[in-house]
Structure formats: C-alpha cells, structure tokens
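Try each task yourself before reading its solution.

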Amino acid sequence: MTRDNSLQVDKDGNLRHFLCIRGLTSNLLTDILDAAESFAGVTEQTVKKVPLLRGKTIVNLFFEASTRTRTTFELAAKRLSADVLNISVAVSSTVKGESLMDTLSNLEAMHVDMFVVRHAESGSAHFIARNVAPHISVINAGDGRHAHPTQAMLDMFTIRRTKGKDFGRLRVAIVGDILHSRVARSQIHALNLLNTGEVRIVAPKTLIPAHAETLGVHIFHDLEEGIRDADVIMMLRLQNERMEGALLPSEQEYFQLFGLTEDKLTSAKPDVTVMHPGPINRGVEMDSIVADGPRSVILQQVSHGIAVRMAVMSMAMRRVGMGGERN
Amino acid sequence: MTLHQAAIFERIRIHGGRVIDPANNIDEQQDLYIADGTIQATGNTPDGFTADRSIDASGCIVCPGLIDLYANLREPGQEHKATIASESHAAASGGITTLCCPPDTQPVIDTPAVVELIRLRAESAGLCRVLTIGALTRGLQGEQLSEMSALLNAGCVGVSNARNPVSNTMVERRALEYAATFGITVFLFPNDHWLSGSGCAHEGAVATRLGLPGIPETAETVAVARDLALIEQTGIQAHFCRLTTNRAVRMVARAQFDGLPVTADCSLPHLYLTEIDLSDFDSNCHVLPPLRTVEDRLGLRNGLANRTISVICSDHQPHEEDAKARPFPETEPGISGLETLLPLSLRLADEGILTLSEAIQRLTAGPATVMGLPYGTLSRGASADICIFDPDAVWQLVPETMLSRGRNTPFMGWQLKGRVTNTLLQGRLVFSRNAG
C-alpha cells in the first residue's frame with residue numbers, strides 16, 4: 001500500500017503515475033474531478049484545444065484490443081496539444097515478458113514522455129511504472145482484472161454531475177461480472193474513498209470474488225433486492241466467454257435474473273441514474289429501453305471520459321515534465 | 001554417492017563447539033572426531049587418533065549436514081537458470097550436504113541415463129550429495145507408468161510426478177500400486193489442477209483486491225483427500241510435498257493418527273510469508289502453491305511443532321532475472337532458497353515455534369527418516385556430513401553475496417541470524433567462511 005502510494009504520488013502528494021485508485025487520497029480524487037470539470041468546459045467549446053502538453057509525446061501502448069478507451073485517450077491527448085503515438089502490440093503467449101521489456105526500452109529511446117498502457121495481466125501497469133525511466137509517466141488504461149482507474153474516475157465524474165458532490169447520501173449498486181472486472185474494482189475503491197453512503201455489488205455467486213466484502217461492499221444475489229432504493233446503478237459488461245468457464249448457464253438465464261429491465265428498475269429510486277462502461281450487450285446486461293431511456297447517462301459517460309483523461313494526463317505530466325512548476 | 005577419494009580423507013577434530021544431534025538426542029559441548037569420511041567418535045578422543053586438521057568451533061553449533069528434500073537445480077535442461085555446480089556451491093555455503101533433485105528436469109528423470117548424468121555432474125562438483133527423485137509417470141505426462149524398478153536400481157530415492165498433474169485417478173492408483181510393489185516412497189504434490197487452473201495467488205482478499213486469478217484452498221484439500229484415499233487403498237509409503245493450508249495439515253494429522261504411513265513437509269517461505277506480501281505485485285512472492293493466509297501460516301507452524309510436518313524444505317527454484325521481470329501473472333513461480341534454509345529455520349526457534357534442537361531435527365533427522373537415508377545424524381560410523389554455524393552471527397541477505405545463480409528471493413535485505421562457518425561432506429571440508 002505504502003509502496004503503491006510512493007509509486008503513484010511524489011513526496012509532495014502530486015500525481016506521478018495513475019495506476020490504481022487504491023493508495024490515493026480523497027483530496028487527490030477531488031482534484032482530478034475538479035480539473036476534469038474545467039476541461040469539460042474546453043471540450044464543449046468550438047476551439048477544443050489547450051496548449052498544456054505542447055511538445056510532449058504520449059504513447060498509447062495497447063497490448064489488448066480496445067477502441068473506445070484508446071480513442072478517448074487519443075482525443076484527450078490531442079486536445080492537450082500533445083503528440084500521440086498509437087501502438088498495438090500483438091502478443092504471443094510465450095514471449096510476452098521479453099517483448100514487454102524490449103518494447104519499453106525501445107520506446108524510451110525515442111524520448112517519449114508518457115505511456116498510456118492497457119495489458120491483459122493484472123499488475124502490468126505497476127510493473128511498467130517501476131521499470132520506466134524516471135521522467136516517464138504511466139497511466140493505467142486497464143490491467144487484467146486489477147484496475148481501470150480512468151474509467152472509475154469518469155464514472156465518479158458522471159455521478160457528481162448527475163447527483164451532486166455529496167456522495168454520502170448515495171446508494172450505489174454495481175451489477176454484473178465483479179469477478180473479472182477491473183472496472184468494478186476501481187469503481188468500488190473510488191466510491192468508498194469519496195465516502196459513498198452504501199456500495200453494493202449484485203451478481204450470482206460464480207461472479208463474485210472471494211472475500212469481496214473486504215472491498216467495502218454489501219453483496220446481493222438478487223437484482224431487485226440489490227438495486228432497491230438505489231440512486232445509481234452501474235452495470236458491467238458480461239464477456240461471452242463466461243459461459244464457457246461454467247460460470248453461467250446461458251445469456252438467457254443471466255438476462256432473466258440479472259438483466260436490467262424497466263420492470264426491475266421500479267425497485268430503485270424513481271430518479272435513479274443508470275450507467276454502463278460500454279460496449280453494451282443489449283438483451284444480456286440490459287434492455288435497450290433502459291439503455292436508451294431517460295435515466296441512462298451512458299453517452300455522457302463517454303464524453304466525460306475525454307475530460308477526465310485530460311485531467312489525469314495533465315496532472316501527471318505537469319509534475320513530471322515541468323519540474324516544480326505548478327498552476 | 002561414493003567418492004573414491006579414501007586416500008585423501010583427512011583426520012579431523014572439531015573442538016569447542018556445542019554438538020546438537022537430534023537423531024541421538026544430543027545437545028552438549030563435545031569434540032567430534034572424523035576419519036575415513038565417517039564419524040569416529042564424539043566426546044573422548046579415540047585411541048591413537050591424531051588430527052591432520054583441527055577446526056575450532058568455539059561459540060558455534062555443530063550439527064549434522066542439512067538434508068534438503070526438494071531443490072530444483074535446473075540441470076539438465078535449464079542451465080541458463082542454474083547448474084548443479086553452482087547450486088551445490090550455494091548448498092554447501094548453507095550447510096546443506098544432501099539435496100534431493102525432483103524429476104521435472106529436461107529431459108525428465110524417467111530413465112537411468114538422466115539419473116546417472118545428474119550423479120556424475122554432482123560428483124564432479126563434489127560439494128554436495130545430490131540424490132534424485134524419479135518420475136512417477138513417463139515424461140511426467142500422467143498417462144503411463146515410469147520404469148520405477150530401473151529408476152530405483154539407478155539410485156532414485158523416491159518417485160514423484162513433481163508439479164505435474166495425474167488427472168486420471170485410475171492412473172494415479174496404478175502408479176501408487178506399482179510403486180508399492182517396490183516399497184518406493186512416493187512424493188505427492190497435492191494440487192487439483194482443475195481447481196488451481198491458471199491461478200497465481202491464493203484465492204482470498206488480496207487476490208480479490210489485486211485482480212489476480214485465484215487458487216482456492218480446495219485445490220489442495222480436494223487433492224489431499226483423494227490422495228489419502230488412494231494411499232490407504234494401495235498401502236504406499238507417501239510423502240506430501242508443500243502443504244500450505246491449515247485444513248490440509250489437519251487432514252494429514254488425522255490420517256497419521258489413523259495409522260496411515262504418510263509424512264509431510266512445508267517450504268520455508270510459507271512459514272513466514274502470506275498473501276499480504278503480494279500486495280504490490282512483488283513477483284518474488286509468486287510461488288506455487290501460493291502464499292496463503294495468516295491462519296494457514298499458523299496452521300503450518302503448529303503442524304511443524306506437533307510433528308505432523310516433519311520436514312522443512314527450501315523448495316529451491318532459482319531463476320534468471322528475466323523470469324521475474326514481467327507482470328506478476330506472467331512471471332515464473334518459485335524462490336531461491338538454499339541460502340536462507342538454515343537461518344530462517346533457526347528463526348523459528350527464536351520465535352518460540354520450535355526448540356533449537358527441533359528446528360535442526362526438521363532439517364536433518366526429519367528428512368532422513370522420510371527418505372530412509374542413513375544421513376542426518378552424527379552417530380558413530382555415519383558419513384561425516386557436518387554443518388558448523390555461528391548461531392549469533394547476524395548478517396544481511398544481499399544479492400552480491402549469494403552463491404546461487406538465482407537471486408529471486410523475497411527475503412532479500414532481511415537481517416538473518418545464524419551463519420554457516422564450515423561444511424563437511426563425507427569428512428571433506430567443502431565450505432569454509434573466512435571470519436569477518
């Protein structure tokens with residue numbers, strides 16, 4: 001924990017790498033949300049660029065396929081006036097390790113300033129942050145089942161814009177494949193750090209990790225019970241391969257039990273907000289009527305993703321790139 | 001092992017030390033006399049004995065050379081990680097005089113030729129006795145029986161399928177029955193590979209937080225239950241390698257109480273570390289079976305104290321730097337443990353888990369009994385395998401002074417107490433640390 005902390009934050013408490021929510025302070029999360037608020041203004045203007053990272057080179061290093069996350073990181077970097085390089089590394093299972101170290105040192109030799117990393121293995125972002133040159137900043141864009149902190153922060157940002165700054169009065173339910181979800185882990189840490197009134201997870205027992213209660217959540221196995229009087233429902237994506245690992249019998253049965261429908265939604269608060277990190281499996285995790293309905297903020301989440309990523313990138317780079325210079 | 005060097009055997013007197021020989025219940029200040037590679041006497045000077053060499057063991061403990069039941073030496077097949085010569089040197093510096101090499105070398109130890117190769121390499125290094133454990137199934141594939149009789153004749157001291165699964169229960173039953181035919185000890189790794197799957201950490205709170213694929217406790221207990229049933233049916237002498245869970249320790253204790261011929265060991269890291277040590281993805285804590293919970297660690301310590309677990313082993317697995325320089329799940333599991341075996345076992349005595357004599361017993365007479373070996377004792381006529389260590393020497397484990405080629409250890413930087421000063425193998429001084 002303390003080592004996580006020293007890895008992510010410098011001695012003055014400024015962001016150095018952004019690897020996971022755990023180990024950060026609530027003040028720092030609030031700083032990120034505040035910064036995102038000002039960048040959200042920028043992205044809504046006609047001239048969408050600010051010159052904060054002019055002359056900096058940011059590498060999107062994706063070891064795992066992604067369109068949405070990579071695109072919003074790219075847009076965020078460009079709106080900060082940075083140069084962006086997208087690298088998708090196809091990995092063969094046998095030589096992953098070597099190629100990762102080699103890839104890193106090759107890119108370092110090109111004098112880049114930041115790596116935005118996505119990788120299929122938990123702990124990859126920590127590993128890369130520990131092994132890059134000291135001037136390089138690392139942003140975790142998703143590592144295995146471990147963390148996806150920018151997704152969690154854009155979710156917090158969306159909640160704050162929808163429900164206000166006081167998380168203490170909110171009841172939030174996270175529904176779906178918690179076991180394999182890096183998004184859920186980061187969301188839970190962020191919600192708890194921001195003093196959310198109650199955090200719940202809702203899933204069949206096969207999709208709840210061991211000792212999940214130690215994450216600081218209440219566990220439910222019934223959707224209607226789990227979302228009862230909820231202010232926010234955060235749905236998770238269900239990967240198709242979960243059927244193969246004997247975790248679930250079928251998409252039909254999953255939808256019947258855990259799919260979010262208008263009908264089920266009546267047990268939540270009337271003004272409940274429905275979120276999803278995308279891409280949605282319509283008819284598996286939720287009904288189209290819910291996804292496209294008035295309570296859904298799914299598209300706002302996407303555009304907030306750009307502002308939040310601008311905030312995180314500029315905060316991490318400001319420290320690394322310009323020494324002590326701070327606004 | 002026969003070292004045909006009788007002509008150069010020295011007559012050695014080790015004097016001034018505190019002799020601890022758990023096999024003979026000895027713990028007192030005595031002199032030790034060695035000739036022809038064997039222990040001649042303890043206490044009084046034998047008639048007509050004149051020493052060619054005297055070793056001053058004042059302030060030190062003199063005990064039988066340690067026996068490490070399970071150490072991967074990486075040769076043949078993975079010489080980029082370590083060699084028999086390099087690891088023999090490390091063993092000697094750690095007071096270890098007998099090592100058992102598991103069959104998962106490349107090629108697998110399933111033919112007398114590989115047994116012979118390892119023996120020749122070990123003899124040419126000449127620093128440590130290296131014994132081999134043969135494969136239980138051909139190629140460790142878990143399908144066909146190995147030629148156990150041939151392996152036994154070639155010198156194997158037991159058979160094992162190492163960490164490779166025998167998924168087919170009938171194959172396991174037949175393999176145990178066949179081994180029972182020859183009275184061979186079978187070394188079993190209790191692991192249900194379906195339950196452990198692609199896991200790399202104990203399925204618990206830490207793995208949940210870090211998002212690491214988990215290995216549940218039941219991966220071990222289900223396998224122990226299956227193995228115990230087959231052990232009872234086949235009447236085999238069996239040894240459980242690397243118990244890691246409290247429940248499995250209790251199951252084995254129960255079986256022992258019921259009279260089943262089963263013994264068990266645990267590895268040293270599991271006596272000190274838990275899942276919590278993984279918390280920032282420290283790949284040096286990536287071991288299989290994984291580091292478990294605080295309760296499990298306590299269960300192992302209790303099992304060690306009440307003799308359910310009669311052996312502490314290093315589970316030595318040296319790796320090159322690259323093997324650990326990856327994201328945690330992609331790193332190769334295992335810890336380089338030869339050089340910490342003695343000091344960390346001694347620490348169990350400091351912590352009041354075992355007496356000093358018991359700690360030494362678990363490294364000498366304990367494994368000797370499991371293997372049916374004549375070593376691990378200072379009895380008159382026994383091979384003069386001796387470890388002399390300064391129990392008060394405090395030192396820090398640092399990469400520069402490690403002799404193993406693998407520097408992969410989570411104990412790096414630890415302050416350790418107790419350091420080997422001299423090691424003798426069959427009456428030959430194979431290691432001596434200069435004072436200071």
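The exercises below use a predicted model and look at an interface and then at a strand.

**Exercise 1.** Describe the contact of chain A and chain B, from its area down to its salt bridge.

*Solution.* 
Step 1. Begin with the area: chain A and chain B bury about 1900 Å² between them, with 56% of it on carbon and sulfur atoms. On the side of chain A, A:Ser122, A:Phe127 and A:Ala210 lose the most area to chain B, together 21% of what that side buries.

Step 2. Next, list who takes part: 26 residues come from chain A and 18 residues from chain B.

Step 3. Now look for polar links. The interface has four residue pairs in polar contact, and the salt bridge count is one. That salt bridge joins the side chains of A:Arg130 and B:Asp280, at 3.6 Å from N to O.

**Exercise 2.** Work out how strand β4 of chain B is covered and paired.

*Solution.* 
Step 1. Check the faces, recalling that side chains in a regular strand alternate between the two faces of the sheet. B:Leu32 and B:Ile34 are buried on one side, as are B:Tyr33 and B:Ala35 on the other.

Step 2. Find the neighbours. β1(B) pairs antiparallel with β4(B) over three bridges, and B:Arg13 has B:Tyr33 as its bridge partner. β5(B) also runs antiparallel to β4(B), joined by four bridges, where B:Leu32 partners B:Thr42.

Step 3. Inspect the turn: the hairpin of β4(B) and β5(B) has two residues between the strands, and B:Asp36 takes a positive phi near 55°.

Terms used. Residues numbered from 1 in each chain as written. Chains lettered and ligands numbered in written order. Predicted model: local features only at pLDDT ≥ 70, side-chain atom pairs only at ≥ 80, totals over all residues. Heavy atoms only, no water. Contact = heavy atoms within 4.5 Å. Buried area = accessible area lost by both parts, 1.4 Å probe. Salt bridge = Lys/Arg side-chain N within 4 Å of Asp/Glu carboxyl O. Polar contact = N/O pair within 3.5 Å; in protein donor to acceptor, adjacent residues only side chain to side chain. Buried < 20%, exposed > 50% of the residue type's maximum accessible area, 1.4 Å probe, protein only. Pairing = 2+ DSSP bridges.
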